[in-house]
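This report goes through selected parts of one protein model. Keep the sequence and the structure in view while reading.

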Amino acid sequence: MGKVTGFLEIERHDRAYAPVAERVKNYNEFVVPLSDKDLRDQAARCMNCGIPYCHGTGSAHPGTPGCPVNNQIPDWNDLVYNDNWQEAARNLHSTNNFPEFTGRICPAPCEASCTLNIDDNPVTIKTIECAIVDRAFENGWVKPEVASIKTGQSVAIIGAGPAGLAAAQQLARAGHDVHVYEKLAKAGGLLRYGIPDFKMEKHLIDRRVAQMEGEGVTFHYNSPVGGTAPGAVDPAELLKQYDAVALTGGAEYPRDLAIPGRDLAGVHFAMDFLTQQNRRVSGEPLGDKPEILATGKRVVVIGGGDTGSDCIGTSIRQGATSVTQIEIMPAPPEKEDKGLTWPNWPMKMRTSSSQAEGAARDFAVNTVSFEGEGGKVTKLNCVRVDGAFKPIPGTEFVIEADLVLLAMGFVSPVKDGLLTQLGVTLDPRGNVKADLDRFTTSIDKVFAAGDMRRGQSLVVWAIRDGRLAAQAIDRFLMGSTTLPR
């Protein structure tokens with residue numbers, strides 16, 4: 001390493017946010033990058049530890065330490081320290097197709113598993129990753145990587161989310177003719193339609209799509225596969241037309257709250273709310289669905305995860321009079337026990353940038369029913385629960401609300417349409433059942449990757465799944481593969 005004592009001499013210093021009063025006026029990204037000197041200093045803190053857990057263990061299961069795509073973090077930290085940014089970009093892209101996405105929205109399990117995190121002082125890995133890829137684009141180092149030899153084999157990718165995009169790019173670079181079918185108007189999946197622009201602006205997706213088109217990937221938009229919607233593509237026809245088919249859709253079936261009053265106006269799934277706002281920002285029409293807006297309303301978000309935080313930030317920008325977030329889980333500890341948790345991802349209290357913008361948070365709360373007037377929701381009847389989620393007598397209370405957003409996660413892919421018509425076997429959780437090594441499904445030459453296979457997960461896990469599925473498909477088509485994992 002270039003600075004073996006850097007971690008002893010330099011304190012952790014991370015990116016800042018624009019002031020709340022300024023950033024809530026628009027939907028632009030508000031992270032303030034570090035200076036070149038600060039980036040070099042932070043990279044110098046990487047300590048050349050004997051077992052760099054930040055790399056990831058190579059396990060295919062979430063919850064394991066480090067980076068799911070096995071980024072070679074100490075290597076590109078050293079390259080940044082030595083001011084070799086172009087080689088750092090090459091190294092970073094060797095394991096991650098889209099570091100500009102993960103450098104903005106990944107929760108950074110790599111930093112949790114950093115050896116310096118034993119002392120709550122990890123290397124600013126995510127910040128350095130983002131700086132590397134942004135500099136690579138600024139300097140024109142990111143160009144289409146066109147395969148020198150075409151294989152004559154064709155692959156259909158169904159779903160243009162991060163798993164489908166990663167698989168498509170890898171397979172195109174292997175020389176296959178890749179066609180991506182996307183039911184919506186643009187590529188990106190949850191990246192485009194779920195994650196707010198203030199966390200990740202969509203021109204970042206557009207420039208990657210342009211690179212992939214330069215590599216020979218063909219995108220078919222407004223082309224749902226299966227079902228009876230206008231422009232729907234028959235999955236049986238794709239099986240005839242292509243040598244392999246990859247199912248890379250999302251886990252889009254949301255977890256509902258089946259309680260009295262659920263049918264009142266003003267109670268919505270979080271993704272319906274977030275998708276509308278992303279379309280407003282991009283100028284994409286909303287269609288014939290009624291608008292869901294938080295303007296002038298008392299908003300309650302049910303669910304404490306990232307989607308719930310996205311609802312908070314969006315509601316505040318729309319001009320909500322108040323935002324309250326509740327979840328049924330107990331409040332996590334303020335600090336983890338490092339001896340028990342490191343290098344694994346710890347359960348501890350975290351405050352997102354959106355939560356810090358002015359939301360009230362409450363834990364161990366169960367919503368018993370919704371009540372309303374004139375068919376519109378006006379309040380939630382709640383009760384506090386114990387560690388077994390059982391109601392605690394005498395703790396009943398009411399939260400007034402004009403808009404309730406259900407952000408409790410997703411249970412599985414949507415079955416109607418594609419999966420039903422294909423007749424593909426599902427696992428006990430309702431996901432597409434696929435071999436963990438070969439990504440094969442119950443139907444010949446049909447593969448599955450991403451949330452459709454593994455269930456709701458992180459973008460970085462979707463990228464890993466897409467890369468591994470591309471490896472498996474290439475091996476299936478050619479007998480062997482040189483694609484990296």
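## The second largest pocket

How do the residues of the lining of the second largest pocket divide into nonpolar, polar and charged? The model is a predicted one, and in it the lining holds nine nonpolar, eleven polar and six charged residues.

The space in the second largest pocket comes to about 480 Å³. His-93, Ser-94, Glu-145, Gln-170 and Arg-173 are the closest to its centre among the 26 residues that line this pocket. Three helices, H5 (85–93), H9 (162–173) and H18 (459–478), each supply at least two residues of the lining. The most comes from H5, which gives four residues.

## Helix H9

Helix H9 has twelve residues, which at 1.5 Å a residue should span 16 Å. The C-alpha atoms at its ends are 17 Å apart, in agreement with that value. Eleven of the twelve residues are buried, so H9 is largely enclosed by the rest of the structure.

The buried residues of H9 include Pro-162, Leu-165, Gln-170 and Leu-171. The partners that the buried residues of H9 pack against are strands S3 (154–158), S4 (177–181) and S5 (218–220), together with helices H10 (190–193), H11 (203–214) and H18. Just after H9 comes Gly-175, with a positive phi of about 100°.

## Helix H14

Helix H14 covers residues 306–318. Its 13 residues should span 18 Å at 1.5 Å a residue, and the end C-alpha atoms are 18 Å apart, which agrees. Eleven of the 13 residues are buried, and H14 is mostly covered.

Among the buried residues of H14 are Ser-309, Ile-312, Gly-313 and Ile-316. Packing against the buried residues of H14 are helices H2 (20–23) and H13 (270–282), as well as strands S9 (298–302), S10 (322–326) and S15 (403–406). Gly-319 follows H14 and has a positive phi, near 95°.

## Ser-354 and its loop

Where is Ser-354 placed? Ser-354 sits in the loop between helix H15 (338–341) and strand S11 (360–362). Its relative accessibility is 3%, so Ser-354 counts as buried, the limit being under 20%.

Leaving aside residues up to four places away in sequence, Ser-354 touches Phe-198, Ser-309, Ile-312, Gly-313 and Ile-316. A polar atom of the Ser-354 side chain lies 3.3 Å from the backbone oxygen of Ser-309. Pro-343 is also found in the loop between H15 and S11. The peptide bond that joins Trp-342 and Pro-343 is cis, with omega about 5°.

Most residues other than glycine have a negative phi, and most peptide bonds are trans. Two residues are described here with that background in mind.

Ala-108 is not a glycine, yet its phi is positive, near 65°. Ala-108 lies in the loop between helix H6 (99–105) and helix H7 (109–112). Is Ala-108 buried or exposed? Ala-108 has a relative accessible area of 7%, which means that it is buried.

Asn-222, also not a glycine, has a positive phi of about 50°. Asn-222 is placed in the loop between S5 and helix H12 (235–241). With a relative accessible area of 47%, Asn-222 is partly exposed.

Key. Residues are numbered from 1 along each chain as its sequence is written. This is a predicted model: local features need pLDDT of at least 70, side-chain atom pairs count only at pLDDT 80 or more; totals for chains, interfaces and linings use all residues. Side-chain values use heavy atoms; hydrogens and water are left out. Buried means under 20% relative accessible area, exposed over 50%, partly exposed in between (1.4 Å probe, protein chains only). A polar contact is a pair of N or O atoms within 3.5 Å; within protein, one must be able to donate a hydrogen and the other to accept it, and residues adjacent in sequence count only if both atoms are side-chain atoms. Contact means heavy atoms within 4.5 Å. On a 1 Å grid over the protein atoms alone, a cavity is a set of points where a 1.4 Å probe fits but cannot get out, and a pocket is an open set with protein on both sides within 12 Å along at least five of seven lines; lining residues have an atom within 4 Å of a point. Grid points are joined across faces, edges and corners, and a volume is the space filled by probe spheres set on the points. Ala, Val, Leu, Ile, Met, Phe, Trp, Tyr, Cys and Pro count as nonpolar, Asp, Glu, Lys and Arg as charged, and the others, Gly among them, as polar. The expected span of a helix is 1.5 Å times one less than its number of residues.
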